[in-house]
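Morning, everyone. I'll take a few minutes to walk through one model, going from a helix to the sheet and then to the contact between the chains. Please have it open on your screens.

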Amino acid sequence: MTDLSVVEPWVAGPLKNLAEDARLISGVLLYPSGRAVGQFGFSKAADVMSICALTSAINASSRELGRQLYGKPFYEMHHAGGDRQVFMARCMAGAHEFLFVGVFDRESSLGMVEIYFAEFQKALEQLQPDTEPVKPLPAGDFERELNRSLDSLFGPIG
Amino acid sequence: MRTAPADVVATLSHVPGVAVAMVVGAADGLIVETSGVKGGAAAGPDTRKHTAALAAYLYSKVSRASHAARLGTPSFMRLEAERGNICVVGAEDIVLVTIVTPEANLGRVRLDMMQAVRDKS
């Protein structure tokens, strides 16, 4: 696993445990707005930027799809690829809402990822700081916020 | 004749000493079918989902070890712990998992699990 980096230090412990226990190859923790909070397994800011934007969009789409189909939003998704699988879910820590996306292969399983993700959620709940949750951003601020969080993870680009 | 997962679980859960019987996906570790929790284990939190995922994972690693040692596919796996046993039998795409009390007749449990796998295929 590539070194873990976080914007908010309090998520480092739970995120590290999740990565190791569930044997994830890579993962990103972010706010639903697309702002990155922590990552592991990535060495390029551009990759994390793409993943944050896509995860944020997929989350919004899947929630609406769930509402349309079942009257309530989907909060967890799993895609089983040939070699690698993607797990995507939301988690709450008090009033803070996060999204997590992780990649795993045959060294793990969906069942393993689900049980350690549940433990990750509990850990976040216990460690959450007493701060105001990040409010949704106006549409025009998305890119600026994303770049700011990526600078925190990988250092300023150029 | 193929036996339905619900029937496999029902049969195994009636074996004396079996506290939980589950049919679990071998690849994803998710529960396909499970019995209720019997005996003292019923008093605590429900850990069937954890047990299923970890037992399936452990069985996959044991299979790799067995193949690496050129012993072929493991037919029966038993994990002996302080307060009981976890027994696992693989059947292609699923694994049968039982949580068994220390007082159980393990020979009977093993026989019935192996029979359930034969009936499934």
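I'll start with helix α3 of chain A and what it packs against. Its buried residues pack against α1 (12-21), β5 (85-93) and β6 (96-104) of chain A, and also against α2 (48-68) of chain B. Keep in mind throughout that this is a predicted model.

Which residues of α3(A) are buried? They are Gly111(A), Met112(A), Val113(A), Glu114(A), Ile115(A), Tyr116(A), Phe117(A), Phe120(A) and Leu124(A). As a check on the helix itself, α3 of chain A covers residues 110-127, and at 1.5 Å a residue its 18 residues should span 26 Å. The C-alpha atoms at its ends are 25 Å apart, which agrees.

Now the sheet. Chain A has an open sheet of six strands, with antiparallel pairing, in the order β1-β3-β2-β6-β5-β4. At the edges stand β1 (5-6) and β4 (76-80), each with a single partner strand, so one side of each has no neighbour in the sheet. The partner of interest here is β5(A): five bridges join β4(A) to β5(A), and the two run antiparallel. Within that pair, Glu76(A) stands opposite Ala89(A) in β5(A).

Two helices of chain A pack on this sheet. Helix α2, residues 45-70, touches β2 (26-30), β3 (36-40), β4, β5 and β6 of chain A, and its direction makes about 65° with that of β2(A). The other is α3(A), which touches β4, β5 and β6 of chain A; its direction makes about 20° with that of β5(A).

Next, the loop between β6 and α3 of chain A, where Arg106(A) lies.

On to the contact between chains. Five residues of chain A are in contact with 10 residues of chain B. The chain A side divides into three nonpolar residues, two polar and no charged.

Last, the core. In soluble globular proteins, nonpolar side chains tend to be buried together. Here the largest nonpolar core has 67 residues, and Val24(B) and Leu96(B) have the most contacts inside it. Leaving aside residues up to four places away in sequence, Leu96(B) touches Val8(B), Leu12(B), Val23(B), Val88(B), Val89(B), Ala91(B), Met113(B), Ala116(B) and Val117(B).

That's it from me.

Methods:
Residues are numbered from 1 along each chain as its sequence is written. Chains are lettered from A and ligands numbered from 1 in the order in which they are written. This is a predicted model: local features need pLDDT of at least 70, side-chain atom pairs count only at pLDDT 80 or more; totals for chains, interfaces and linings use all residues. Two residues are in contact if their C-beta atoms, placed from the backbone, lie within 7 Å. Ala, Val, Leu, Ile, Met, Phe, Trp, Tyr, Cys and Pro count as nonpolar, Asp, Glu, Lys and Arg as charged, and the others, Gly among them, as polar. A nonpolar core is a set of buried Ala, Val, Leu, Ile, Met, Phe, Trp, Tyr and Cys residues joined through C-beta atoms within 7 Å. A residue is buried if 20 or more other C-beta atoms lie within 10 Å of its own, exposed if 12 or fewer, and partly exposed in between; C-beta atoms are placed from the backbone. Helices (H or I, at least four residues) and strands (E, at least two) are DSSP runs, numbered from the N terminus. The expected span of a helix is 1.5 Å times one less than its number of residues. Two strands pair if DSSP finds at least two bridges between them. Axes are lines fitted to C-alpha atoms, for helices over the stretch in contact, and angles run from 0 to 180 degrees between N-to-C directions.
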